[in-house]
Amino acid sequence: GIHIQNYEKMLYVNEIKQAFKISTLRTVIGTALMVAASGLVGFLVTKKEMWARSFLYRFIVITMYFNAGLIPWFLNMRMLGLTDNFLGYIIPGIVAPYNIILVKTYIESIPAELEESAYIDGATYMKVFWRIIWPLSKPILATIAIFGAVGNWNSFQDSLILMQNKSSLHTLQHRLWIYLSEAS
């Protein structure tokens, strides 16, 4: 049957409202910045005039295959001052290589004549991006927004590792894990 008692008990867990607020802020801000950065970088690596375009794109793709590991990541985050800091949730997820690849591939499928006509009319790269590419890229941007929102909302490990000394920055998932650990 349906049992509502467990949900009622959750309302009285310590700092559950703060944890919900942190998870919501992290999801909204992190997803918005990730979509904006992925869209812009994806657009820039399609421009043949961009300096070191090939190197930058290859560098972004290589980061998907090579990972230093958890300890160097933590040491790097601590060195940058992102432990016990809300920005530790946001900054590492802004540049997502897989999303950049998706956006770049989608933008390359948009007819080049649309951009060329805007350039003939005197538009700059940024004007072309915001007025032509961004509106036409809404399907892929919505797709990566869903990926980003689900990833940010469900993320648990970074809260567990980075927010050890500041319980007011625990996410909802971390707070529920603490509650379950205490209950068992």
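User: Is valine 128 buried or exposed, and how do I read that label?
Analyst: The label comes from relative accessible area. Buried means under 20%, exposed means over 50%, and partly exposed lies in between, with a 1.4 Å probe and protein chains only. Valine 128 has a relative accessible area of 0%, so it counts as buried. Valine 128 sits in helix H8, residues 125-136.

User: What kind of model is this, and how are residues numbered?
Analyst: This is a predicted model, in which local features need pLDDT of at least 70, side-chain atom pairs count only at pLDDT 80 or more, and totals for chains, interfaces and linings use all residues. Residues are numbered from 1 along each chain as its sequence is written, and side-chain values use heavy atoms, with hydrogens and water left out.

User: What is the mean pLDDT of the protein?
Analyst: General idea: pLDDT is the predictor's confidence in each residue, from 0 to 100. Where pLDDT is low, the predicted coordinates should not be read in detail. Here the mean pLDDT of the protein is 93.

User: Which elements have the lowest and the highest mean pLDDT?
Analyst: Helix H1 (residues 5-10) has the lowest, at 81. Helix H9 (residues 138-154) has the highest, at 97.

User: How many helices and strands does the protein have?
Analyst: Elements are DSSP runs, numbered from the N terminus: helices are H or I with at least four residues, strands are E with at least two. The protein has 11 helices and 0 strands. From the N terminus on, the order is α-α-α-α-α-α-α-α-α-α-α.

User: What radius of gyration does the protein have, against a compact globule?
Analyst: The radius is taken over C-alpha atoms, and the globule rule is 2.2 Å times the number of residues to the power 0.38. For 184 residues, a compact globule would come out near 16 Å. The protein has 20 Å. Its C-alpha trace spans about 65 × 40 × 25 Å along the principal axes.

User: What share of the residues is buried, and what does the accessible surface come to?
Analyst: Buried residues make up 35% of the 184. For the surface, the areas come from the Shrake-Rupley method with a 1.4 Å probe; for residues, only the protein chains shown count as cover. The total is about 11,700 Å². Carbon and sulfur atoms account for 66% of that surface.

User: How far apart are the mean positions of the positive and negative charges?
Analyst: Lys and Arg count as positive, Asp and Glu as negative; His and the chain ends are not counted. Each charge is placed at NZ of Lys, CZ of Arg, CG of Asp or CD of Glu. The protein has 15 positive and 11 negative charges. Their mean positions are 4 Å apart.

User: Which residues are in contact with valine 128, beyond its neighbours within four places in sequence?
Analyst: Contact means heavy atoms within 4.5 Å. Valine 128 contacts Phe43, Glu115, Ala118, Tyr119, Ala123 and Ile133.

User: Is threonine 31 buried or exposed?
Analyst: Threonine 31 is at 10% relative accessibility, so it counts as buried. Its place is in helix H2, residues 16-44. Neighbours within four places aside, threonine 31 is in contact with Arg26, Ala145, Gly148, Ala149 and Asn152.

User: Where is threonine 83, and which residues does it touch?
Analyst: Threonine 83 is in the loop between helix H4 (70-79) and H5. Leaving out residues up to four places away, it touches Phe74, Met77, Arg78 and Leu162. The C-alpha atoms of threonine 83 and asparagine 165 are 8.7 Å apart, across 82 residues of chain.

User: What is phi of aspartate 84?
Analyst: Most residues other than glycine have a negative phi, and most peptide bonds are trans. Phi of aspartate 84 is near 55 degrees, a positive value. Aspartate 84 also lies in the loop between H4 and H5. Alanine 52 is another non-glycine residue with positive phi, near 60 degrees. Alanine 52 is in the loop between H2 and helix H3 (53-65). With a relative accessible area of 30%, alanine 52 is partly exposed.

User: Where is leucine 87, and what does it contact?
Analyst: Leucine 87 is in helix H5, residues 87-90. Its relative accessible area is 41%, so it is partly exposed. Neighbours within four places aside, leucine 87 is in contact with Leu82 and Pro92.
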